[in-house]
Amino acid sequence: MITIQDLTFWYSKQKCIFEGIDLEIGPGHIHGLLGKNGAGKTTLLKLISGLSFPRKGSVTVDGRIPAKREPHLLADMFYVPEEISLPSLTPQNFAEINGGFYPAYDSGQFQKFLGMFEVDAMQSCARMSHGQKKKTMIAFALAANTRYLFLDEPAGGLDIPSKAVLRSMLAASFDEAKTIILSTHMVRDLENMIDSVIILENRRIILNQPMEEIARRLRFDHAPFAPVSDEVIYSAKGELGVSTISLNHSGMQGNVDLETLFSACNQVPDKLSACFYP
Ligand code: ADP
């Protein structure tokens, strides 16, 4: 379990990135961490990975402080940054050297994932494109089989077929003991990959809920005209009609329109979070 209590963080005192946030992120989910550019997604992942330290408050993972860099915890945690830099080695050599740090690392799985991404295990990483480096690192991170896996903008730089491959790899390597967090500012990239959503906006966590719960409480519609109802929390006019979010009293669960949900968190954050945290 990742537990964040009263976390305040700034790089420079003039600009606070987080102000007193509380957050619990549990296992058994692939969480989507959504926020606009500059909202603090990377910073939050670094704080959870122990690469940055809270100015106030605390971040713990299974009760341990990641910033202490204890080997036991590091062996069970993998953070893939948005920008990948790899040494001048082949993926094969890279994995032989680094696999030993992760007790559950599976070399057969690494070869399989590289194959699915069509990356040559014997090609030097120095001669790879940005996308190929990213695929190599994601394949290694998934094969490391750590209980905690954080992928910062994993779909950025991947072509459309590779995004579909990533989706099936995540599904194949996920189990109930794992906590996976994928960050993005491109909401559509994560569709069908995540089953829980964390939305960061304006130094706060607006939402931290499983998709099932969102679908239970909210109803998403798209129609030529906006419905007139007190139950409507948010509506946005697009070229093809009006997308609305209303309170769901039907007891039925429909689909969650992530893009509309994300826009609503930007436009009417208080209204939206009041639906979950009255
Ligand atoms: P996101 O991942 O959501 O795009 P970041 O966590 O990268 O956001 O950045 C949050 C804010 O912190 C941005 O305003 C960014 O400019 C600033 N920032 C990020 N890293 C640093 C740093 N090392 N020093 C100073 N400011 C930083």
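Strand 10 (residues 218–223) pairs with strand 12 in the antiparallel sense, over six bridges. Strands here are DSSP runs of E with at least two residues, helices are runs of H or I with at least four, and both are numbered from the N terminus. Two strands count as paired if DSSP finds at least two bridges between them. Within this pairing, leucine 218 stands opposite leucine 247 in strand 12.

This is a predicted model, in which local features need pLDDT of at least 70, side-chain atom pairs count only at pLDDT 80 or more, and totals for chains, interfaces and linings use all residues. Residues are numbered from 1 along each chain as its sequence is written, and side-chain values use heavy atoms, with hydrogens and water left out.

Strand 11 (residues 232–238) also pairs with strand 12, again antiparallel and over six bridges. Here lysine 237 stands opposite valine 242 of strand 12. A hairpin of two residues joins strand 11 to strand 12. How many residues of strand 12 are buried? Six of the seven residues in 241–247 are buried, so strand 12 is largely enclosed by the rest of the structure. Buried means under 20% relative accessible area, exposed means over 50%, and partly exposed lies in between (1.4 Å probe, protein chains only).

## The ligand and its shell

The residues around the ligand include Tyr11, Lys15 and Ile17. Also among them is the run Lys36, Asn37, Gly38, Ala39, Gly40, Lys41, Thr42 and Thr43. The shell divides into three nonpolar, five polar and three charged residues. In this scheme Ala, Val, Leu, Ile, Met, Phe, Trp, Tyr, Cys and Pro are nonpolar, Asp, Glu, Lys and Arg are charged, and the others, Gly among them, are polar.

A backbone N or O atom of alanine 39 lies 3.1 Å from a ligand oxygen. For glycine 40, a polar backbone atom is 2.9 Å from an oxygen of the ligand. Taken alone, the ligand exposes 570 Å², and the protein buries 58% of that. These areas come from the Shrake-Rupley method with a 1.4 Å probe. Strand 2 (15–25) and helix 1 (41–49) each give two or more residues to the shell. Helix 1 provides the largest share, three residues.

## One face of helix 3

Which residues of helix 3 (residues 91–98) are buried? They are Pro91, Phe94, Ala95 and Asn98. Seen down the helix axis, they fall within an arc of 95 degrees, so they line one face of helix 3. The arc is taken from the directions from the helix axis to the C-beta atoms. An α-helix has 3.6 residues a turn, so residues three or four places apart point the same way. Glu96 and Ile97 are exposed on the other side of helix 3.

Glutamate 213 sits in helix 7 (residues 211–217). It counts as buried, at 17% relative accessibility. Its side chain makes a polar contact with the side chain of arginine 216, at 2.9 Å. Such a contact is a pair of N or O atoms within 3.5 Å; within protein, one must be able to donate a hydrogen and the other to accept it, and residues adjacent in sequence count only if both atoms are side-chain atoms.

Proline 66 lies in the loop between strand 4 (56–61) and helix 2 (71–74). Proline 66 is buried, with a relative accessible area of 1%.

Conventions: A residue is near a molecule or strand if one of its heavy atoms lies within 4 Å of it.
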